[in-house]
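Okay, thanks everyone. I'd like to walk you through the charged residues in this one, and then a pocket.

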Amino acid sequence: MSNQASVVNLTLVEGYKFEVDFGDFGTITTDEPEPLGSGSGPSPSQLLAAAVANCMAASLMFAVRKYKGDPGQMSAQVTATTERVDGRLRVTHLDVDLRLGNPAIELPQLDKILAQFEDFCVVTQSVRQGIEVTAKVHDSTGMGVRSSTK
């Protein structure tokens with residue numbers, strides 16, 4: 001598979017509320033929880049948690065179907081724990097609870113499935129290993145005022 005890039009555009013609405021534009025897939029509104037924002041949409045931490053849980057659920061479905069199984073009506077719940085690390089809030093743990101919609105006995109290859117499904121999850125494996133992030137700041141004229149890579 002070749003390299004792929006996804007582009008998502010954000011526009012400040014007010015306070016800490018942003019419109020997030022996914023192009024052909026529409027827009028959503030995000031916001032920081034109170035007291036910083038008004039909590040009128042999911043927070044960035046919730047989006048991160050949702051991305052990890054969604055990717056893990058899709059990867060589990062892929063692995064089940066790879067072995068000709070039927071995952072049934074799957075569901076997932078994710079709990080994101082935030083803590084202060086060096087004085088700053090950080091997502092320190094994501095606990096994902098995946099639920100298959102069919103009994104395990106109906107999935108004869110379940111041991112093989114469980115041994116490999118997480119390897120298919122692009123988001124989870126990326127988060128676990130760390131992602132290089134480059135940040136560029138421009139002023140209203142387009143002039144670059146800061147650039148960093150971490």
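One cut-off before we start: a residue is called exposed when its relative accessible area is over 50%, buried when that is under 20%, and partly exposed in between. Keep in mind that this is a predicted model.

So, Arg-128 comes out at 51% relative accessibility, and therefore it counts as exposed. Its side chain forms a salt bridge with Glu-118, 2.7 Å from N to O. That pair ties together distant parts of the chain: Arg-128 sits in helix H3, while Glu-118 is in the loop between helix H2 and H3, 10 residues apart. Glu-118 is at 26%, so that one is partly exposed.

How many salt bridges does a search of the whole structure find? Three. Another joins Asp-97 and Arg-99, at 2.7 Å. Asp-97 has 30% relative accessibility, so partly exposed, and Arg-99, at 47%, is partly exposed too. Then there's Lys-17 with Glu-14, at 3.6 Å. Lys-17 is at 18%, so it counts as buried.

Now, Asp-31. You'll find it in the loop between strand E3 and helix H1. Asp-31 is buried but has no salt bridge, and the nearest side chain of opposite charge, Lys-17, is 5.4 Å away. What does the side chain of Asp-31 reach at 3.2 Å? The backbone nitrogen of Gly-39.

Last, the second largest pocket, about 460 Å³ in volume. It's lined by 17 residues, with Glu-32, Pro-33, Ser-43, Pro-44 and Ser-45 nearest its centre. H1, strand E4 and strand E5 each give two or more residues to that lining.

Definitions and conventions: Residues numbered from 1 in each chain as written. Predicted model: local features only at pLDDT ≥ 70, side-chain atom pairs only at ≥ 80, totals over all residues. Heavy atoms only, no water. Helix = DSSP H or I, 4+ residues; strand = E, 2+ residues; numbered from the N terminus. Buried < 20%, exposed > 50% of the residue type's maximum accessible area, 1.4 Å probe, protein only. Lys, Arg positive; Asp, Glu negative; His and termini not counted. Salt bridge = Lys/Arg side-chain N within 4 Å of Asp/Glu carboxyl O. Polar contact = N/O pair within 3.5 Å; in protein donor to acceptor, adjacent residues only side chain to side chain. 1 Å grid on protein atoms, 1.4 Å probe; cavity = no way out; pocket = protein on both sides within 12 Å on 5 of 7 lines; lining within 4 Å. Points joined across faces, edges and corners; volume = space filled by probe spheres on them.
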